[in-house]
Amino acid sequence: MKIDEVDRKILREMQRDASQSLDEIARIVGSSKTPVWNRIRKMRDAGVIGQQTVLLDAEALGFEATFFVLIRTSEHEADWQAAFLKALRERPEVQEAHRLAGDIDYILKVRVKNARAYDVFYQALISEVKVHNVTALLSMEEIKATTELPL
C-alpha cells in the first residue's frame, strides 16, 4: 500500500493517542470524517495498522524491575528453537524477544516486580531449555520508551 502525507498525518495522530475520536483526527489532519475513516480502514486491511491496545504504567502496577537478558546458546536445531520460542511466548514477563546477529543469540526485555521475581523467571526458563550463557542486565532508569514510528 502506498502511504501519502494525509495517511502519515492520520498515523501520527493515532500513534500519539488512538483514543481520539474520528472527528478529532479528521479536524487535526484537515479532512472530513468519512475520508479519514476510509483511509484508516484501508490501512487496517493492508496491515499498516495492527492491534490497538492500551499502554499501562508498569511501575504503578508494581512491576518495578526491567531486565535485559542476553542469551547465548550452543543449540541451533529446530526442536530446541521451537521449545525456546514456546517458553518465551508462554511467559508474560517477556515483553520483547529478538534473535540477534553477532556474539549474542537472543535479547529479551523482561518486566518483573523485583529481583526475586526475575530469579523465578530465570529458573523456570533454564529448566525448560538448555542455554549456554545468560547475562541479565538490570535497567536502573528508563530514559526513553516509545512505540511511535518516526513518520
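Four strands form an open sheet in the order β2-β3-β1-β4, with antiparallel pairing. Strands, like helices, are DSSP runs numbered from the N terminus (E, at least two residues, for strands; H or I, at least four, for helices), and two strands pair if DSSP finds at least two bridges between them. The edges are β2 (94-99) and β4 (133-138), each of which pairs on one side only. On average, neighbouring strands are turned by 20 degrees against each other, direction ignored. Axes here are lines fitted to C-alpha atoms, for helices over the stretch in contact, and angles run from 0 to 180 degrees between N-to-C directions.

The model is predicted: local features need pLDDT of at least 70, side-chain atom pairs count only at pLDDT 80 or more, and totals for chains, interfaces and linings use all residues. Residues are numbered from 1 along each chain as its sequence is written, and side-chain values use heavy atoms, with hydrogens and water left out.

Within the sheet, β1 (residues 65-72) and β3 (residues 106-112) run antiparallel and are joined by seven bridges. Phe67 has Val110 in β3 as its bridge partner. Helix α4 (residues 78-89) packs on the sheet and touches β1, β2 and β3 (contact: heavy atoms within 4.5 Å); its direction makes about 25 degrees with that of β3. Helix α5 (residues 115-128) lies across β1, β2, β3 and β4, at about 135 degrees to β3.

Phe63 is located in the loop between α3 (33-45) and β1. This residue counts as partly exposed because its relative accessibility is 31%, where buried means under 20%, exposed over 50%, and partly exposed in between (1.4 Å probe, protein chains only).
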